[in-house]
Amino acid sequence: MNPHQQLCPHCGADGKDGSIWIHSQQEKRYKCKMCQRTFSATHGTAYYQVKKPHLFTTVVSLLAYGCPVQAIVATYGLSEKTVRDWIGRAGEHSQRVHEAVVMEHKWDLVHIQADEIKVNTQSGVIWIAMVMMVGTRLWLGASVNAVRGKDLIRACLRFAARCALCRSLLLAVDGLNMYAKAVEKTFRSKHRLHGQHPRWVAWTTVSITQVVQKRGGKRGAIERIILQGDEAEIQQFRQRSQGGTMINSAFIERLNATFRQRLAPLARRSRAMARSPQTLTDLVFLQGCVYNFCCYHRSLAMPLLISSKRQRWLKRTPANAAGLTDHRWSIRELLSYKTRVKL
């Protein structure tokens with residue numbers, strides 16, 4: 001236990017200046033000198049008030065790699081309500097980690113891709129829209145909505161806009177015709193023009209490409225469209241991000257396949273359906289953080305020269321490639337990451 005690394009959840013006092021000391025080693029509690037109140041060492045983590053932390057870690061790990069809830073219930077003798085409560089706890093914590101680590105940074109995104117997934121739940125069809133950074137394979141966020149409309153697309157692109165520097169970038173999407181208007185409403189900045197009140201000004205440097213799959217008699221044919229931007233500039237974006245030699249949405253499609261493989265409710269023709277949009281949101285953010293921080297990505301490996309004739313490949317996660325971490329996190333480390341939560 002290290003009180004110098006703690007923040008008081010009651011008054012916000014920082015342990016670096018000696019305001020926090022250890023209250024109980026056995027119960028793992030700290031005490032704040034400023035407000036004279038105690039708090040648990042696990043406050044702000046997913047383990048706060050969890051009675052079986054080791055089993056909780058095991059269950060979350062199984063959920064993150066595609067194990068259905070019914071299999072966990074049958075194996076460990078837990079109630080289905082307990083497992084679903086743990087899904088909500090892990091999902092909410094993953095959202096806070098995503099906000100605290102990923103959304104607090106700004107990047108020259110260069111090339112991003114977005115797509116939607118149709119999911120059948122017990123309450124009907126739900127749509128998930130996700131966006132990723134191609135250069136680092138970093139998952140930037142996802143939105144969940146019952147309608148595949150402008151609210152879903154704008155909420156998804158807002159994750160990319162929050163961590164994007166105001167520079168030229170390429171957005172690659174499918175044939176949905178709502179992205180051009182959503183980009184105009186999402187990628188914008190406040191500017192004061194000629195002494196007037198600040199106004200939102202849309203970025204004019206966002207290029208958009210589409211990959212449209214033909215239906216009906218031409219099923220299987222693909223049409224590649226430049227919806228917005230210059231062809232030469234778009235080619236430069238793909239070269240800088242190593243995003244392929246032609247217009248594509250392959251990287252987000254592979255990410256969709258990973259999510260479908262690892263989350264039982266997202267699998268096609270699955271009987272392990274999610275019950276509500278909130279459960280689906282929790283699972284998606286849990287999987288997104290596991291993908292970013294806990295899983296090596298084969299295409300991100302870098303050659304490490306040992307000698308003139310020998311080299312090894314240095315494995316990296318998307319968070320490593322983006323400069324967010326210096327090592328691969330374990331599931332326990334993800335769940336133990338401290339976020340600021342007021343009592």
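Residues 24 or more positions apart supply 58% of the contacts (heavy atoms within 4.5 Å) in the protein chain, counted at a separation of 6 or more. The model is predicted: local features need pLDDT of at least 70, side-chain atom pairs count only at pLDDT 80 or more, and totals for chains, interfaces and linings use all residues. Residues are numbered from 1 along each chain as its sequence is written, and side-chain values use heavy atoms, with hydrogens and water left out.

The protein chain has 10 helices and 13 strands. Both are DSSP runs numbered from the N terminus: helices are H or I with at least four residues, strands are E with at least two. The radius of gyration is 22 Å, close to the 20 Å that the globule rule gives for 343 residues, so the chain is as compact as a globular protein of that length. This radius is taken over C-alpha atoms, and the rule is 2.2 Å times the number of residues to the power 0.38. The C-alpha trace spans about 65 × 60 × 60 Å along its principal axes.

Of the 343 residues, 46% are buried. Buried means under 20% relative accessible area, exposed over 50%, and partly exposed in between, with a 1.4 Å probe and protein chains only. The protein chain exposes about 18400 Å², and carbon and sulfur atoms supply 49% of that area. Accessible areas come from the Shrake-Rupley method with a 1.4 Å probe; for residues, only the protein chains shown count as cover.

Charged side chains number 52 positive and 22 negative. Lys and Arg count as positive, Asp and Glu as negative; His and the chain ends are not counted. The centres of the two sets lie 4 Å apart. Each charge is placed at NZ of Lys, CZ of Arg, CG of Asp or CD of Glu.

A search of the whole structure finds 0 disulfides. A disulfide here is a pair of cysteine sulfur atoms within 2.5 Å. For C156, the closest cysteine sulfur is that of C163, 11 Å away and too far for a bond. C156 is buried, at 1% relative accessibility. C294 is in no disulfide either; the nearest cysteine sulfur, in C295, is 6.2 Å away. C294 is also buried, with a relative accessible area of 5%.

R332 lies in helix α10, which covers residues 331-336. At 36% relative accessibility, R332 is partly exposed. Neighbours within four places in sequence aside, R332 contacts Y47, H54 and T57. R332 and Y47 are 285 residues apart along the chain, yet their C-alpha atoms are separated by 9.6 Å.
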